[in-house]
Amino acid sequence: MTNEVVTVQHLVKTYGKGNEKKFTALKDIDFTVENGEFVGIMGASGSGKTTLLNILSTLDKPTSGEVRINQQDLTQLKGNQMADFRGHEIGFIFQDFNLLENLTAAENIALPLSLQGVAPKQIQPLVMKIAKRLSIESVLDHYPTELSGGQKQRVAAARALVHQPTILFGDEPTGALDSNSARELLETMSSLNRNDQVSILLVTHDPFSASYCQRILFIKDGEIGSELRRGERDRAAFYQEILDNLGTFTE
Amino acid sequence: MLRKLAFSSIKSRLKDYVVLFSGLVVAAATFYMFMALATNQDFLGKNSMLSANNTMFIFIFGAILLAIITFFYLIYANSFLLTMRQREYGMFMMLGAKTGKIGQLIFMETFLLGMGATLIGEVIGIGLTQVVARLLVQQMGLTLQHFNSFYWPAFLITLAFFLVLFIFAAIWNSHKLMKTPVLKLLHSAEQPARTQVKPIWLAVQALLGVALLAAGYWAMINIALLQLLAIPFALVTIVLGSFFTFNATFIWLLRLMKKHRSFSLRGIRNFTLSQLNFRIHDYTRMLAMISILFALALGAITVGLGFRNDLSMLIDSFDAYDVKLYTHSAKIDAEVAKLDIKEQATYSYKVKGKQIYYRQDQLQDQPLYYFHYQRSGGISMQMPQRRRFAAKDYQISRETPNGAVQNAYNQLGIKSIYDGNALTGHLVTAAEFARLPGKTSRLTLIRVRDFAAARQKIAKIEQAQLTAAPEFSEVLENSKYANAQMGTAMYSGMIFMGLFLGLSFLAMLASCLMFKILSGAYSDVKRYDMLNKMGARTSVLKASVAKEIGVLYALPGLLGIIHVLFGLQLFKLLLLNPYHGIWLPFLIFLLLYGLYYWLTVTLYRGIVIPKVEIDK
Ligand SMILES: Nc1ncnc2c1ncn2[C@@H]1O[C@H](COP(=O)(O)OP(=O)(O)OP(=O)(O)O)[C@@H](O)[C@H]1O
Ligand SMILES: [Mg+2]
């Protein structure tokens with residue numbers, strides 16, 4: 001039980017307040033992510049993936065149900081607690097990088113630590129450490145406009161991980177990358193997962209990205225339809241199975 | 001259909017539109033008010049101590065300044081409108097709306113918005129002109145004559161000026177929207193590039209900026225030495241100095257702060273500093289301009305109030321005595337009883353033909369007060385000192401009377417000394433006085449505690465004396481009260497101009513800054529959203545916005561205040577003490593400036609701070 005970093009039970013999210021038109025984006029979602037797991041979430045456009053991620057990261061509130069991250073019930077958090085929770089427990093990577101263009105790579109990576117009130121003296125070594133891990137030491141002094149897409153996403157990953165969050169969320173992080181950069185990023189993520197025990201929840205359309213996961217949840221019309229486990233198989237075999245599953249799933 | 005869409009998106013941004021629209025209304029109202037004064041010769045001629053021609057020149061100069069700043073103001077307001085709309089219009093184009101149609105729409109929108117604001121502004125301007133004039137008259141005890149709040153020429157000039165500017169703005173907007181590629185409209189967030197300035201060049205500029213400012217300030221302090229040359233010299237050096245100061249000195253300071261990691265790596269500071277660093281580059285010219293305009297506006301208000309201050313001191317020096325009673329009646333005595341009298345003295349006199357006699361013992365018992373004028377050393381204005389003669393000063397002699405006696409003849413005279421029918425004065429002993437034939441008349445000199453407060457009552461006394469004893473009209477027309485009335489009329493035009501120009505400049509320059517800052521807000525939305533996702537508390541984001549905008553407001557304000565403090569040196573020529581009571585205009589000014597700051601922060605926060613969804 002204590003090994004679960006994410007627990008979601010009977011999660012419902014309905015958009016539209018009061019007299020507005022109601023739309024239920026998530027209907028009764030149940031799942032868990034164990035510590036050190038690399039879980040993928042797949043689903044068609046509009047199936048509720050981003051909605052789910054927003055709720056897990058306290059950017060949005062569930063209509064009903066229970067969401068726990070690291071044993072903390074998110075529905076009990078208020079105001080500043082939600083921001084602090086995001087700052088401490090969660091790392092984010094997005095499709096469009098979302099780096100702050102007026103800060104250098106190093107300054108972007110340092111920001112979460114500054115926000116948490118880490119002493120300036122301790123920040124520098126932590127930034128260097130994560131930059132080495134992601135092989136971006138050479139571009140630390142560059143501004144985002146001076147980086148390639150792949151480099152930008154690594155910087156974003158470094159920023160998401162520098163404060164050692166409980167879990168790393170990715171919303172289509174490879175969406176804007178060419179296939180080589182995408183592969184590099186996925187290799188890095190899976191290595192972080194294997195060697196540094198980082199728990200990862202990855203939302204993606206792309207079967208190739210999904211094949212790096214250990215387990216995949218398929219979401220359809222706001223419900224979890226099916227689940228695939230990679231087990232001991234190699235990635236190629238898993239990739240094939242995902243493709244097959246997508247075929248039946250979308251029918 | 002498209003029209004409906006465009007309109008519905010206006011509704012979604014209603015708050016920003018209201019601000020934009022009311023800003024334009026204020027601009028038009030201000031412009032009208034100023035023109036109602038500048039083009040109204042009647043008002044100018046009667047209300048200024050300068051001749052009508054000179055005043056006309058000053059007002060035209062003011063009008064040109066106002067037109068220039070209004071022009072810049074409209075540019076900034078228009079760019080705010082454009083940034084606010086371009087994404088939506090870009091979207092319509094993506095959806096297949098014809099470029100020509102979009103161009104038409106934005107043209108109509110800009111034009112209608114502008115003309116609507118102008119007309120409403122003019123109506124408000126007419127009303128405000130009336131209210132402001134009345135307020136000034138009441139508050140400051142001023143007299144404004146021939147003040148027309150509705151004035152056709154002003155109305156037409158304002159309408160034409162704004163019409164032309166808005167036609168240009170509308171053409172510019174539709175041109176800009178039609179010529180910009182759709183994708184660029186959709187992703188118009190600016191990308192700040194690395195700003196590469198060599199540190200040495202930066203240091204040179206920073207030093208140059210400070211040196212130029214120092215030279216300009218020196219010139220203003222030493223206006224006695226440089227004479228009129230000081231003004232153009234100071235103008236050039238201070239404008240350039242302000243520019244370099246913003247372009248280098250502040251950037252250098254920001255870099256220093258950023259480099260100091262133990263300072264910058266705390267909380268969100270590094271982000272705030274970077275935002276500022278990026279902004280200041282973009283704002284250099286604007287901030288320099290604002291610091292100058294700020295100084296002009298604050299200077300105008302300070303000098304305006306300085307004139308008011310001088311006025312009361314000048315009035316005090318018109319006469320050592322506040323009221324002189326030449327005659328008595330029940331009505332006069334009743335009014336005099338109401339005065340808050342500090343001191344009064346009564347002197348007897350007898351008139352025989354062209355001769356007038358006064359009693360030495362009375363003057364020795366109650367010597368007269370008088371004003372002593374020092375020989376002025378420099379070029380600055382000075383006030384005389386109030387002094388009192390001594391009893392021994394009143395000596396009877398056969399030669400020409402001494403100063404004290406001559407002064408007594410003047411102050412106790414009953415005919416104007418300027419006319420040919422002046423009487424010849426004589427000082428005599430009490431015994432001699434008693435022996436003189438004729439009726440003994442009495443003259444009472446009164447000093448009140450507060451002339452300004454007693455002014456209305458004194459007016460009644462003077463009027464009553466004129467009706468009761470018209471033979472004293474010559475001296476009564478030259479009384480302290482009569483002179484005060486004239487002086488007030490002369491100074492009130494200057495005060496009004498100073499206040500009006502100062503306040504309207506402030507409103508315009510602060511709105512320029514506001515719209516410039518708000519135009520940048522839309523490209524900041526993503527950054528604040530990102531910070532929110534990274535777990536920055538809303539309060540931290542709000543504080544960052546307040547600090548960033550605070551610095552952008554404070555820097556030109558601070559520099560402007562320094563400009564004014566030195567610039568007031570120039571007014572030593574015209575004012576007794578230009579620095580007297582300057583806290584009041586500074587306070588008024590900072591309050592208004594602060595109001596604009598608050599409004600900007602509020603609107604900016606409304607645009608960039610992500611709303612946290614709260615479910616009940
Ligand atoms: N704020 C909102 N108000 C109303 N409906 C919303 C809101 N946000 C999302 N939805 C709806 O909820 C559904 C799920 O949206 P969501 O963004 O989670 O999809 P998604 O799975 O992330 O899609 P994609 O793969 O295209 O990113 C969609 O039908 C969407 O229209
Ligand atoms: Mg999505």
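**Notes on the predicted model**

1. Strand 1 (residues 4-15) of chain A and strand 2 of chain A run antiparallel and are joined by eight bridges. Strands (E, at least two residues) and helices (H or I, at least four) are DSSP runs numbered from the N terminus, and two strands pair if DSSP finds at least two bridges between them. Within this pairing, Thr14(A) has Thr24(A), in strand 2 of chain A, as its bridge partner.

2. This is a predicted model, in which local features need pLDDT of at least 70 and side-chain atom pairs count only at pLDDT 80 or more, while totals for chains, interfaces and linings use all residues. Residues are numbered from 1 along each chain as its sequence is written, chains are lettered from A and ligands numbered from 1 in the order in which they are written, and side-chain values use heavy atoms, with hydrogens and water left out.

3. In chain A, four strands form an open sheet with antiparallel pairing, in the order 2-1-4-5. Its edges are strand 2 (23-34) and strand 5 (72-73) of chain A, each of which pairs on one side only. Helix 1 (residues 49-56) of chain A packs on the sheet and touches strand 1, strand 2 and strand 4 (64-69) of chain A, contact meaning heavy atoms within 4.5 Å.

4. An unreviewed UniProt entry annotates residues 6-246 of chain A as "domain: ABC transporter"; such annotations may be inferred rather than shown by experiment. Over residues 6-246 of chain A, the chain is 38% helix and 27% strand, with the end C-alpha atoms 25 Å apart.

5. Leu592(B) has its place in helix 21 of chain B.

Methods:
Axes are lines fitted to C-alpha atoms, for helices over the stretch in contact, and angles run from 0 to 180 degrees between N-to-C directions.
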